[in-house]
Amino acid sequence: LFPGTLAGVIDLAVDWMTDLKEGVCLSAFWYSHEQCCWTSNETTFDDRDKCPQWQKWSELLVSQSEGASAYILNYFLYIMWALCFAFLAVSLVRVFAPYACGSGIPEIKTILSGFIIRGYLGKWTLLIKTVTLVLVVSSGLSLGKEGPLVHVACCCGNFFSSLFSKYSKNEGKRREVLSAAAAAGVSVAFGAPIGGVLFSLEEVSYYFPLKTLWRSFFAALVAAFTLRSINPFGNSRLVLFYVEYHTPWYMAELFPFILLGVFGGLWGTLFIRCNIAWCRRRKTTRLGKYPVLEVIVITAITAIIAYPNPYTRRSTSELISELFNDCGALESSQLCDYVNDPNMTRPVDDIPDRPAGPGVYTAMWQLALALVFKIVITIFTFGMKIPSGLFIPSMAVGAMAGRMVGIGVEQLAYHHHDWIIFRNWCRPGADCVTPGLYAMVGAAACLGGVTRMTVSLVVIMFELTGGLEYIVPLMAAAVTSKWVADAFGKEGIYEAHIHLNGYPFLDVKDEFTHRTLATDVMRPRRGEAPLSVLTQDSMTVEDVETLIKETDYNGFPVVVSKDSERLIGFAQRRELILAIKNARQRQDGVVSNSIVYFTEDPPELPPNSPHPLKLRRILNLSPFTVTDHTPMETVVDIFRKLGLRQCLVTRSGRLLGIITKKDVLRHMAQMANQDPESIMFN
């Protein structure tokens, strides 16, 4: 319910604030351009965008709507509003919630794999991310709200988990809730409940049991239903770019579809390489010290270049919506400026292919320029210190390329319908090629090239379009783009960012086939200091506090004694600190030389000795253990499937060492002939 409501509020706010950059509604300033003209009685069908209640800034301030001075004033105010929104967003993120930046999907993948990033799913992050998401999308930057909506949904999931002890106490159960929350996030982002569940399964989740599947589906369904009842776009749909096509596709069209797949794979590779290089530069040079300045500069460049071109000036969702649209008889878009046959007496629905008019040629030029601009600017935008999603810009790049290819094929079929490839299915006067379908296929190909999604991508795309018969073109494009992109490098953009940030993430898709044993990987190695351990009944409170102060380990194995080294359990550092602090405050007689007992019944003490501290309750009596001869292949599998952070190595009950997730990752790097120390962990 909560992510659905937030998504509806975000959509409505973005709609209003995007239009605010161009003008204001006089009858009610909280109306967007479209809502303002809906309520007007003086709107005609031809000029549906013009109504007296909606005034551009130049009309309001200097009473001029045309001319150079009006254009310059509108241009200047457009840039000012964009800078104002972006500055506000980056300042809020920087001051209140540094974790609210980026898309959030790489971090959520890492959290679901068993790593803990404290505060990443906190209440402040949720609040600031929701507010700043509206600001950055309205500022016209080349980013989307879809990825951050997954983060927002996971913050909601984490917040509700913390209210119930069943989930707050159990990390595994909490992760299942987060998997379902990720599904709900994609469900409201694209209006695709099934696509959301598959996205969570394919991209985000680590461990996805069957019961989580139907719970995720239920969560996604409720989220989509909530958004539908808010109806933010007024078209009874969950997304702005919902389309329905009426013409079937033909086998000969698979060739351009596959070409779009190749384009998507190449763009994905180019984007990942350039974006990671730029983000690495940001991390290692002085550029990273000025996040606010960077956002301001990129926003200024985006606004200055975007305003003159009508396709980059509007919001990216509206652009995709127009590119996906089929040209009906009522369309007023430039892309639909075809030369009509005066003798045409056909039903309105099925308009035959026509020669392109001057508007289409102008639109092709503007789209080509917009495509180059989008490709370049998105590389620099993704990864700045503001919430930024990647789905919408990638889809826009693909949709622009696809629409241009579609118009090209359509004109080719119209002028050369006697060619052998067109002769079978494209008679003169028939409606054979749908350019909007090419835009949709291109969008799927580019999104697949960047994220390497396949199944969930195709499902999301056909849920968006409601067209089941276009599954084959979408699959052809998605699979081609994945193959082409995989030929240059196996990592998608999220895995690349996980590696760049040095998160300890074991990818489920990687194979581990080397024949090493646990004893080769465990610490301590020969010549290293022995393992820091606690004993069950011979250490004082002061000894434990000294051990905690001198080391920064997450937890300590508990053994019977330093000589026998028989393992009893594992104590978490955090719980030890809390238990000692509480004991000193509440229990009388617990002092520095009190003995700490991890046994069930501490022995009788002499009358004048200090009060003992019993810590049996915080001891994990069943830590994960493997023997020193366990193959590393099995150990890696255990770490992956259970999302472990560490695993103890024993031989016939005696503690030998410990393997952490970071040791496993270093070992895997070593086996792949990389330098194990080059894997940085933040």
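Counting disulfides, taken here as pairs of cysteine sulfur atoms within 2.5 Å, gives 2 in this predicted model. Residues are numbered from 1 along each chain as its sequence is written. Because the model is predicted, local features need pLDDT of at least 70 and side-chain atom pairs count only at pLDDT 80 or more, while totals for chains, interfaces and linings use all residues; side-chain values use heavy atoms, with hydrogens and water left out.

Let's start with Cys25 and Cys36, whose sulfurs sit 2.0 Å from each other. This link is right-handed, with 75° about the S-S bond. Cys25 belongs to strand S1 (residues 23–25) and Cys36 to helix H2 (residues 33–38), so the bond ties together parts 11 residues apart in sequence. Helices (H or I, at least four residues) and strands (E, at least two) are DSSP runs, numbered from the N terminus. Cys25 is buried at 2% relative accessible area, and Cys36 is buried at 0%. Buried means under 20% relative accessible area, exposed over 50%, and partly exposed in between (1.4 Å probe, protein chains only).

What about Cys155? It takes part in no disulfide, and the nearest cysteine sulfur, that of Cys156, is 6.9 Å away. Cys155 is buried at 2% relative accessibility.
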